[in-house]
Amino acid sequence: MAAVLEPRAERSPVRPAEVALLVSVFVVAACGLLYELAAGALASYLLGDSVLQFSTVIGCYLFAMGVGSYLSRFIDHQLIAHFLRIELLVGLIGGLMPAALFALFNLAPGSFRLALYSMVLVIGTLVGLEIPLVMRILKRQFSESWQLKDLVSQVLTFDYLGALAVSVAFPLLLVPHLGLIRTGAVFGLLNAGVALWALWLFRAELRRLAAHAVACVATLLILLAAVTGADRISSWAEDRFYEDNVIHVESSAWQRIVVTSGSTGLRLFLNGNLQFHSRDEYRYHESLVHPAMLAHGAPRRVLVLGGGDGLAVREVLRYPSVEAVTLVELDPQMTRLFSEQPLLRELNADALHSPRLRIVHADAFKWLETSDELFDVVIVDFPDPTNYSIGKLYTTSFYKLLDHHLSAGGFAAIQSTSPLLARRSYWTVVQTIEAVGLSTAPYHAHVPSFGEWGFIIASRRPFVMPAAPRELPAGLRFLSLDGLPALFQFPTDMARVPTDINRLSNQVLVQTFEQEWGRVHE
């Protein structure tokens with residue numbers, strides 16, 4: 001006799017309230033990850049070393065989420081009321097976190113780390129409570145239409161989709177267009193909006209409905225005030241952080257760009273670190289560019305890596321023999337700013353508009369891997385190795401790529417931090433370049449805004465000190481042929497010391513740099 005199969009129970013149609021709850025999962029997941037990314041970005045901007053800051057922030061945040069998930073087991077009653085309160089707290093604390101941390105860094109910088117990680121732990125714990133509560137609300141309210149496996153699958157799907165959406169939007173859309181302070185406040189409003197929706201949907205089940213309504217309205221008003229006042233908050237924080245008046249500020253996908261103006265001139269800051277002062281930048285850029293250009297004699301094709309401000313390109317273009325310059329800059333917002341802002345265009349002598357210049361917006365490491373072009377001179381003007389993403393540009397892997405792009409008689413000039421304040425870091429760069437078979441000629445110059453600063457010429461043939469009849473271009477304010485030999489002499493306190501080789505597999509330079517500059521700022 002054939003077995004009689006019981007008909008499979010059909011799932012009831014999805015109700016609008018169920019859809020709304022699942023959408024709320026998407027929203028709270030997006031908001032939770034946004035606050036995590038905002039904390040990591042703030043730590044990177046203000047403390048440096050983005051890899052370390054993001055790693056520690058994410059670790060603390062995930063730990064706190066685990067704590068929150070565990071604590072959710074002790075909430076047995078009034079699930080909706082608890083969920084509503086948690087949403088308001090997450091929205092208020094997370095939404096105001098960027099503004100609060102910016103203010104604290106200026107008013108009490110010694111308390112910044114404690115406040116940062118305290119907020120990360122609190123927000124992470126609250127976010128850890130959210131999803132378990134949503135799952136339990138869905139199960140209790142709609143138990144007849146949900147099986148456990150369907151419930152878990154649906155909730156986690158929307159959770160991960162929310163995280164994906166904000167992880168893509170944060171660097172590409174939110175921070176560049178809204179800034180960190182306004183972005184935090186906007187997502188705080190989303191959390192408060194979820195709480196307001198829960199208040200309306202479950203109004204019949206909530207005790208003290210009026211008190212919850214007042215809390216929702218108050219939170220929304222506070223966050224709306226933060227959204228509308230974000231520019232004022234940002235301006236106040238920036239003005240207190242920098243000595244001079246801030247005349248331009250923007251955030252790109254890679255960095256925060258700030259230009260200030262004062263009685264002594266213009267300054268450029270990237271992620272809070274001074275990049276140049278118009279009062280003495282000529283000392284730095286003349287020292288970086290001209291020794292290598294003179295060593296070659298008549299360079300025709302020149303590559304500039306980094307230097308999106310156009311100041312190194314300005315010096316290169318002084319040579320009539322130069323037919324083509326290629327500038328590889330990661331951040332298009334840097335080249336746009338320095339090709340459009342009148343004061344900055346005046347500073348770089350409109351170098352970024354030269355018909356001899358080609359601008360490529362790309363990661364220098366990847367571009368060197370894919371390009372087959374050769375150059376007579378390569379100018380390497382990267383930021384200091386404050387983190388591992390920049391540190392890779394100081395490794396044997398990078399210098400091998402650089403070697404492949406030098407013509408037979410080509411020279412590369414590399415900025416290499418201070419041989420006085422970061423002595424071991426400087427000579428680590430020298431040792432690393434020599435490890436790939438290139439000859440080096442270390443030298444240094446005094447730049448008042450930075451102190452004693454180091455450079456290195458790298459080539460396949462030994463560097464020979466330029467002499468007459470070669471001449472420097474007209475209009476230089478620092479370098480002269482007579483003074484050039486002195487740059488290659490190192491006093492005892494800057495003389496060479498034994499160091500390790502910086503490789504991708506160890507990144508010892510980043511660790512050494514952090515130790516040496518950390519002592520300087522103590």
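**Aromatic rings**

I looked for aromatic residues that group together. Tyr284, Tyr443, Phe455, Phe463 and Phe488 form one aromatic cluster. I note that this is a predicted model.

Next I searched the whole structure for aromatic pairs and got 15. I picked out Phe398 and Tyr399. Their ring centres are 5.6 Å apart and their planes meet at 75°, so I call this pair edge-to-face. The cut-off for that label is over 60 degrees. Are these two residues buried or exposed? Phe398 and Tyr399 are both buried.

I then checked Phe450 and Trp453. This pair is tilted, with 5.4 Å from centre to centre and 50° between the planes. Phe450 and Trp453 are buried too.

**Charges over rings**

I looked for charged side chains over ring faces. Arg477 lies over the face of Tyr282, 3.9 Å from the ring centre. The charged end of Arg73 sits over the ring of Phe74, at 5.8 Å from its centre.

**Nonpolar cores**

How many residues does the largest nonpolar core have? I found 71. Tyr35, Leu116, Phe170, Leu180 and Phe187 have the most contacts inside this core. Helices 1 to 6 each supply at least two of its residues. Among them are helix 1 (16-47) and helix 5 (148-201). Helix 1 gives the most, with 17 residues.

Last, I went back to Phe187 and listed its neighbours. Leaving out residues up to four places away in sequence, Phe187 touches Ala30, Cys31, Leu34, Tyr35, Val166 and Leu174.

Methods: Residues are numbered from 1 along each chain as its sequence is written. This is a predicted model: local features need pLDDT of at least 70, side-chain atom pairs count only at pLDDT 80 or more; totals for chains, interfaces and linings use all residues. Side-chain values use heavy atoms; hydrogens and water are left out. A nonpolar core is a set of buried Ala, Val, Leu, Ile, Met, Phe, Trp, Tyr and Cys residues joined through side-chain atoms within 4.5 Å. Buried means under 20% relative accessible area, exposed over 50%, partly exposed in between (1.4 Å probe, protein chains only). Helices (H or I, at least four residues) and strands (E, at least two) are DSSP runs, numbered from the N terminus. Contact means heavy atoms within 4.5 Å. Rings of Phe, Tyr and Trp (its six-membered ring) pair if their centres lie within 6.5 Å; planes under 30 degrees apart count as stacked, over 60 as edge-to-face and the rest as tilted. A charge sits over a ring if NZ of Lys or CZ of Arg is within 6 Å of the ring centre and within 35 degrees of the ring normal.
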